[in-house]
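Take a look at the sequence and the structure below. This report walks through a few side chains and their neighbours.

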Number of protein chains: 2
Amino acid sequence: MAYPVSPLASPFPALPDIAGVVPHVVRAGYKDWGRCDLTYVTLDEGTAVAGVFTKNVCCSSEVDLGRENVKLGRARALVVNAGNSNAFTGYRGREAVEQIMEQVAGHIGCPKEQVFVSSTGVIGVPLPKDKAREGVEKALSAEPCSWEDAANTIATTDTFAKGATATAMIGDTKVTISAIIKGSGMIAPDMATMLGYLFTDAAVSPEFLQAALSAANLRTFSCITVDSDTSTSDTVLAFATGKAGNAPVTGFDSPGAHAFAAAVHDVCRQLAHLVVRDGEGAQKFIAVSVSGAVSDESARKVGMAIANSPLIKTAIAGEDANWGRVVMAVGKAGEPADRDKLSIGFGGIWAAREGLPLADYDEAPVAAHLKGQDISIEVDLGLGEGSATVWTCDLTHGYISINADYRS
Amino acid sequence: MAYPVSPLASPFPALPDIAGVVPHVVRAGYKDWGRCDLTYVTLDEGTAVAGVFTKNVCCSSEVDLGRENVKLGRARALVVNAGNSNAFTGYRGREAVEQIMEQVAGHIGCPKEQVFVSSTGVIGVPLPKDKAREGVEKALSAEPCSWEDAANTIATTDTFAKGATATAMIGDTKVTISAIIKGSGMIAPDMATMLGYLFTDAAVSPEFLQAALSAANLRTFSCITVDSDTSTSDTVLAFATGKAGNAPVTGFDSPGAHAFAAAVHDVCRQLAHLVVRDGEGAQKFIAVSVSGAVSDESARKVGMAIANSPLIKTAIAGEDANWGRVVMAVGKAGEPADRDKLSIGFGGIWAAREGLPLADYDEAPVAAHLKGQDISIEVDLGLGEGSATVWTCDLTHGYISINADYRS
């Protein structure tokens with residue numbers, strides 16, 4: 001962690017253990033750094049798995065294989081390599097992933113399709129098979145570690161370890177989710193990327209776990225942006241061991257299903273916010289709320305056009321309530337909008353209503369709001385019932401320093 | 001012009017006079033600055049007009065009216081206001097534009113639809129009608145000015161005046177194009193924007209002029225980006241007085257049509273490059289050439305995904321041949337691409353071919369290329385015959401300083 005800790009960092013929370021889940025970390029030595037870089041998590045037999053993956057068509061072999069194997073619904077282990085993303089490495093990169101899957105599967109005695117692998121770090125260099133083999137060998141006999149150790153070990157350019165937890169009642173049974181994530185930009189230097197893992201003791205079918213994760217993803221990970229760039233390796237996996245002993249949840253009609261889905265959503269939202277709070281160079285956390293759109297998806301797209309606008313992100317960095325730039329971003333989003341129905345506010349105070357600047361607009365409370373660390377931008381399109389909130393950070397000299405002053 | 005002149009600036013070229021076109025500049029006092037801010041260009045009777053306009057749905061009244069009136073095909077005057085964009089000002093903004101159109105039309109004795117108005121500068125403040133009326137009144141009796149004066153007067157945050165010229169032979173007649181443009185970002189602070197004007201003595205029909213301008217626009221203005229933001233006021237107009245006396249060109253079958261269209265393309269390309277060269281904070285001019293795409297339009301979209309990527313633009317600022325970020329941008333463009341057929345180079349030297357880093361890749365000549373001011377990035381998708389070149393600049397601390405350190 002070469003850069004100073006983000007001013008928006010949160011302390012690592014107390015994450016409960018999850019029955020049937022055991023994390024371990026070891027040092028494979030993928031890079032010449034004095035820290036652990038291989039995370040190995042074992043999952044008891046019968047663990048359900050679900051996943052969401054990057055839409056980048058130049059994705060890594062890890063993503064290709066994960067996307068395929070998650071459809072089979074079962075997992076026994078997770079391996080995360082840090083320091084090498086293994087992306088854009090052709091057949092040699094794929095061989096390295098399959099080697100890890102086979103090595104772990106041979107040890108556990110499970111189909112290799114139940115071993116999930118992620119890698120993050122430099123691209124274009126195939127993951128060294130010898131280092132992977134030795135690292136995994138050590139991991140298979142390693143002592144269990146804490147969640148915080150695991151969160152630190154999957155990290156690359158992150159400036160703080162990230163975790164989240166939530167509980168839900170399924171019938172009379174409390175189920176728990178503990179989760180970790182890494183990422184400090186949709187892409188960080190050297191293709192570091194967003195990798196997130198949720199672990200729960202709930203008994204849920206793979207199909208329902210996927211439905212809950214996909215729904216949460218739409219409103220959380222798909223609603224954050226640091227720099228508009230999309231990683232080749234983004235992956236979020238959810239694992240459910242079933243050890244809590246609740247009556248299995250197989251669909252939204254099952255008792256407790258909505259409570260569980262809400263807990264998944266809660267954890268995903270916490271994780272997504274943590275990634276933004278570690279955005280490269282971030283000094284301010286920005287929530288963009290769009291209402292009055294023709295649909296929720298249209299609202300999300302307008303929100304992302306605002307959250308991706310360098311001119312808006314630099315204006316917030318400069319503590320400037322530049323609502324004209326918000327008008328511009330709404331107009332360029334490619335979604336239905338009407339200049340003369342548009343309202344724009346900051347910190348809950350309207351600056352413009354229905355296409356006109358407010359005559360009695362008092363900038364003083366807005367200016368005070370913009371001096372804080374948590375900024376909100378409100379947009380009402382005045383067209384329909386669609387709404388969405390998306391999150392981003394400001395664009396500062398720190399972003400340029402990290403990405404330009406840096407030499408690979 | 002408050003900022004230092006761009007290191008990529010070009011001297012203003014010697015622009016020939018165009019028969020039937022007379023530029024004038026006066027001071028309307030839209031802002032409290034000691035310079036002219038209203039440009040008035042008269043056009044002889046029979047002048048054909050064509051135009052391309054921003055796709056931003058929150059566009060200004062000037063754009064609404066211009067888009068409508070350009071369809072009628074004829075122009076007698078152009079008025080450009082600098083210092084106030086008159087965008088997001090509702091009916092009051094529209095009234096100010098119509099007042100200018102009527103005032104000029106009354107003086108010339110032409111339909112008001114033949115008077116074209118553009119405005120650029122702060123938004124949300126209706127153009128003051130009294131200042132506009134007095135400014136236009138002065139302009140109607142002002143002495144003619146030079147092209148360079150006109151180019152300086154339409155400017156706002158530009159750091160240098162921008163002009164371009166080209167000639168073509170239509171039959172035995174030489175026709176000339178002189179053109180000016182302003183812009184230093186798709187959006188500059190306070191919604192300053194790209195406004196471009198081409199003037200020619202060629203005799204061409206409005207329909208053919210529009211066809212030539214639209215075709216050129218697709219390969220020039222639509223292929224540049226500074227910060228991915230899209231202005232509410234972007235406008236390029238072409239005026240043809242017919243004074244050269246050539247046999248009128250009415251379509252691509254007319255003699256000289258292709259030569260004229262090539263000259264229009266040439267001028268548009270020069271103007272587009274000048275805007276990028278004045279990009280906020282730009283230190284390097286970047287050409288991104290994409291080949292092997294399934295279509296030209298697909299190639300353009302991939303090129304724009306690369307040219308809009310903050311991570312690539314910061315890497316170039318840091319003189320870092322970070323081809324991994326180019327892989328990422330290709331993959332996120334949403335266009336057909338195959339990781340294993342992708343080739344990427346800098347300055348004409350391949351770094352990766354067909355999905356793999358080159359084993360004998362020598363970074364030394366690439367590093368030398370990246371130290372220069374004119375950078376090229378080459379991408380071959382290996383899929384088809386589509387190609388495109390787009391242009392952008394690097395993303396530097398200067399961009400942040402201009403847009404964040406600045407307070408409106």
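Over the face of which residue does Lys31(B) lie, and at what distance from the ring centre? Lys31(B) lies over the face of Trp33(B), 5.0 Å from the ring centre. Keep in mind that this is a predicted model.

The table lists both cases.

| Charged residue | Ring | Distance to ring centre |
|---|---|---|
| Lys31(B) | Trp33(B) | 5.0 Å |

Now turn to rings that pair with rings. The count is twelve aromatic pairs over all chains. One of them joins Phe88(A) and Trp323(B), with ring centres 5.4 Å apart. Their planes meet at 55°, so this pair is tilted. The pair crosses between chains. Phe88(A) is in the loop between strand 4 (77-84) and helix 2 (90-108) of chain A. Trp323(B) belongs to helix 9 (residues 323-332) of chain B. Phe88(A) has a relative accessible area of 1%, so it is buried. Trp323(B) has 11% relative accessibility, so it counts as buried.

Ring pairs also build a cluster in chain A. Its members are Phe116(A), Trp147(A), Phe199(A) and Phe239(A).

His24(A) is in strand 1 (residues 21-26) of chain A. Is His24(A) buried or exposed? Its relative accessibility is 7%, so His24(A) counts as buried. The side chain of His24(A) reaches the backbone oxygen of Val22(A) at 3.2 Å. Further along the sequence, His24(A) touches several residues, including Leu38(A), Tyr40(A), Glu143(A) and Cys145(A).

Notes: Residues are numbered from 1 along each chain as its sequence is written. Chains are lettered from A and ligands numbered from 1 in the order in which they are written. This is a predicted model: local features need pLDDT of at least 70, side-chain atom pairs count only at pLDDT 80 or more; totals for chains, interfaces and linings use all residues. Side-chain values use heavy atoms; hydrogens and water are left out. Helices (H or I, at least four residues) and strands (E, at least two) are DSSP runs, numbered from the N terminus. Buried means under 20% relative accessible area, exposed over 50%, partly exposed in between (1.4 Å probe, protein chains only). A polar contact is a pair of N or O atoms within 3.5 Å; within protein, one must be able to donate a hydrogen and the other to accept it, and residues adjacent in sequence count only if both atoms are side-chain atoms. Contact means heavy atoms within 4.5 Å. Rings of Phe, Tyr and Trp (its six-membered ring) pair if their centres lie within 6.5 Å; planes under 30 degrees apart count as stacked, over 60 as edge-to-face and the rest as tilted. A charge sits over a ring if NZ of Lys or CZ of Arg is within 6 Å of the ring centre and within 35 degrees of the ring normal. Lists of a residue's contacts leave out its neighbours within four places in sequence.
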